[in-house]
Amino acid sequence: MKLGHAIRRATAAVVAVSAMSLGLIATTAGTAHAVASCTGDVSMYGTLSDGRLTYTQIEPNTGDRVKTLIGPNLGFTPKAMAALNFNTVLITSTTGDLYRVDVQTNNTSLTVAGVVKIWDGGWTFDKLVYDGAGHLYGTVDGQLHQYLVSQAKPSGSAHIGQHVVIDTGFVLKTLAAAGDDRIVASTSDGRLLSYKINGVNDWDSAVLKPSGWSAVDSLSSPGGGLYYGRTNGGMYWYHDSDPTDGDGSDIAYHSDDPVDASGWTQSLLSAYANNCAYVAPTPPKSVQGGTIYRNEVIARAKDWYNRNIPYSQSAYATDVDGDHSYRTDCSGFVSMTWHLTSSLTTETLPSVSTQISKADLRPGDALNDYSDHAVLFAGWKDQDAGTFYYYAEGSTATDMNYSTANVYSGNIGGHPASSYVALRYKKIA
């Protein structure tokens, strides 16, 4: 089942802020710069152990904390929290009630306009996040739940509905929403994971980092590939240059330039998830036989798929630029996506590539059966399980394909997965 996006809406405007700082340790600006399109500074709400609300602003390009404000006691014991927009926060209580906290001002002081109970019981989630685009997610007992939020100031079931259970198996230490139906999470064994939620029992997942995140006890994201993780009371910031590719090799760490080295004692933290947006870069366009970026490889593959180029071992078709033609079989297709100087075969594709582990496959790499078939790897569906998406010129019966398979078992395009090796083009960037 897939939930529509038609009634999603932006829910907040950005207000001017001062440079006042309160309560936490300030840091010096570093030289590292994130690349994300943000509407002002990052907004992060929190709660202290005594039930007071906090508000922090962070400069997204330097990771510097601009200010922290401490507000009033909420009047209940918070359990899970999701920043809905710039001045609205949803918080559950330890008794299972859901509250809407309306912020009156977070300029030079943090003042609350009201704390309204909008749901009486039933909200037992251990984690709660909002994706900034209409979907509220919660986890409990390993289940991932999804709700559709239709108002900026929701008032119970009339504005928070279409409840579904996405799936089980979401046993996570931390959880953050990183964009439209996108989630990042860490596990107790130190992995950093990403999820793209497509609908009930339909989601994609990838391992961004296989280890190193076990000490992170809180994770927040304002979108745009910016992640904020708390470790031993310090707040550290990270930037994923492409948060949509399911690959963590492009995550920049700023360990020597944290937001703060200590002082983050909030029991709950949540960033406004629609604060920043990912803007895909426009890399230099490749030339035949030259360096090519992964997003261009995928764009070239989509062009043949959209045109449904017929399969043939003797015919040729032009690429997206119309400048070069490639043989329209499986290896000719991979040659086209890599913008090679000629159409290679499954036997000669290894001459321009390097064999890698199947676990290290990234969009734009290939799986090659030396004697039979080649497909272009388009991304992971479930990296832990080995399932993935691929493009391929299939046969005269199917022509261009976009399908799923498992890199370790079963068949890929009608040939045993065990007969394929993973290849990475030597000039891919």
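Which strands make up the open sheet of 4 strands, and in what order do they lie? Select E9, E10, E11 and E12: they follow one another in the order E9-E10-E11-E12, with antiparallel pairing, where strands (E, at least two residues) and helices (H or I, at least four) are DSSP runs numbered from the N terminus, and two strands pair if DSSP finds at least two bridges between them.

Before going further, note that this is a predicted model, in which local features need pLDDT of at least 70 and side-chain atom pairs count only at pLDDT 80 or more, while totals for chains, interfaces and linings use all residues. Residues are numbered from 1 along each chain as its sequence is written, and side-chain values use heavy atoms, with hydrogens and water left out.

**The open sheet**

Stay with the four strands and look at the edges, which are E9 and strand E12 (160–167), each pairing on one side only. From one strand to the next the twist averages 20°, the angles running from 0 to 180 degrees between the N-to-C directions of axes fitted to C-alpha atoms. Next select strand E11 (residues 143–149), which runs antiparallel to E12 and is joined to it by 5 bridges; in this pair, histidine 145 stands opposite valine 165 in E12.

**The whole chain**

Now zoom out to the protein chain, whose secondary structure comes to 2 helices and 32 strands. Its radius of gyration is 24 Å, close to the 22 Å that the globule rule gives for 429 residues, so the chain is as compact as a globular protein of that length; the radius is taken over C-alpha atoms, and the rule is 2.2 Å times the number of residues to the power 0.38. Along the principal axes, the C-alpha atoms fill a box of roughly 75 × 45 × 35 Å. Of the 429 residues, 55% count as buried, a term that means under 20% relative accessible area, with exposed over 50% and partly exposed in between (1.4 Å probe, protein chains only).

**Strand E2 and its partners**

Select strand E2 (residues 42–47), where 6 of the 6 residues are buried. Val42, Met44 and Gly46 point one way from E2, Ser43, Tyr45 and Thr47 point the other way, and all are buried. E2 pairs with strand E3 (residues 52–58) in the antiparallel sense over 6 bridges, and methionine 44 stands opposite threonine 56 in E3. The two strands form a hairpin with 4 residues between them, and glycine 51 in the turn has a positive phi of about 90°. E2 is also joined to E21 by 4 bridges, the two strands running antiparallel, and the bridge partner of threonine 47 in E21 is leucine 268.

Move on to E15, which is largely enclosed by the rest of the structure, because 6 of its 8 residues are buried. E14 is joined to E15 by 5 bridges and runs antiparallel to it, with valine 184 opposite serine 194 in E15. Their hairpin has 5 residues between the strands, and in it glycine 190 takes a positive phi near 95°. E15 is in turn joined to E16 by 7 bridges, again in an antiparallel arrangement, and isoleucine 197 stands opposite tryptophan 203 in E16. In the hairpin of E15 and E16, which has 2 residues between the strands, asparagine 201 takes a positive phi near 55°.

**The largest pocket**

From here, turn to the largest pocket, which has a volume of about 1,100 Å³. Of the 40 residues that line this pocket, the closest to its centre are Asp242, Thr244, Asp245, Gly246 and Pro363. A pocket here is an open set of points on a 1 Å grid over the protein atoms alone, where a 1.4 Å probe fits, with protein on both sides within 12 Å along at least five of seven lines; lining residues have an atom within 4 Å of a point. The volume is the space filled by probe spheres set on the points, which are joined across faces, edges and corners. Among the elements that each supply at least two residues of the lining are strand E14 (182–186), strand E15 (192–199), strand E16 (202–209) and helix H1 (294–307). H1 gives the largest share of the lining, 4 residues.

**A last stop**

Finally, select alanine 397, in the loop between E28 and strand E29 (400–406), which counts as exposed at 70% relative accessibility. Alanine 397 and tyrosine 311 are 86 residues apart in sequence and 8.2 Å apart in space, C-alpha to C-alpha.
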